[in-house]
Amino acid sequence: MFRSRSKEEQAAPTDKVPLTDSKQPRDPQAPKGRPTPKRSESQTQRRSVANTSTTRKDASKRQRDERRVQMDRQRQALAGRGNERDLPLRDRGPIRKFARDYIDSRFNVAEFFLPMAVVILVLSVVQVPALQNIALLLWLVIIILIVVDTILNVFRLRKRLAERFPGQDTKGTVWYSLMRSLQMRRLRLPKPQVKRGERP
């Protein structure tokens, strides 16, 4: 008698514990605790879930597409037809733009180095002592002109940067402009935006 009563008392609390098994279907009459969404909202949510791919292959394809779009924007910006925000990091900002415009607005001796080097090389190959002497003299003249022009560029650009951007960090800008001055005008990237002789 006592034994059966104790068994009923032990079984009673377990009957009152709510079942939380996730596999058991929810009673359709039970309250959800939230409003029922509209049909259009639920259909939109289902479509977005269905369209979102979670496979690694689809994710890598999406990254490649995004990278391709970004590279296209960068090419357009380098060609002077896009937004400056899409330029490479080293070419962004008003300071770098001013340095580019300063170099592009003037004749730089260094930009003619490659064509002159070809001419001098041809003259030095010809087995004529007079032409070889001229080629050697041209080498010396070109090197001296490049050094003098580069020194003038450095002093003038530093002065202009200090006037235009006082108190701002212009580190690396002079070197950046000198590397640009070594390139032929038509091969420079980003493309020149000012004409020769035009003050930036």
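**Notebook: aromatic rings and charges**

I began with F113, which at 30% relative accessibility counts as partly exposed, a class between buried (under 20% relative accessible area) and exposed (over 50%), with a 1.4 Å probe and protein chains only. I noted that the model is predicted, that local features need pLDDT of at least 70 and side-chain atom pairs pLDDT 80 or more, while totals for chains, interfaces and linings use all residues. Residues are numbered from 1 along each chain as its sequence is written, and side-chain values use heavy atoms, leaving out hydrogens and water.

I then looked up ring pairs, where rings of Phe, Tyr and Trp (its six-membered ring) pair if their centres lie within 6.5 Å, and planes under 30 degrees apart count as stacked, over 60 as edge-to-face and the rest as tilted. I found two aromatic pairs by this rule. I recorded F98 as buried at 5% relative accessible area, and F165 as buried at 11%.

For F113 and W139, the centres are 6.0 Å apart and the planes at 55°, so this pair is tilted. W139 is partly exposed, with a relative accessible area of 31%.

Last, I checked for charges over rings, meaning NZ of Lys or CZ of Arg within 6 Å of the ring centre and within 35 degrees of the ring normal. I found R96 over the face of Y176, 4.7 Å from the ring centre, and the charged end of R196 over the ring of F107, at 4.3 Å from its centre.
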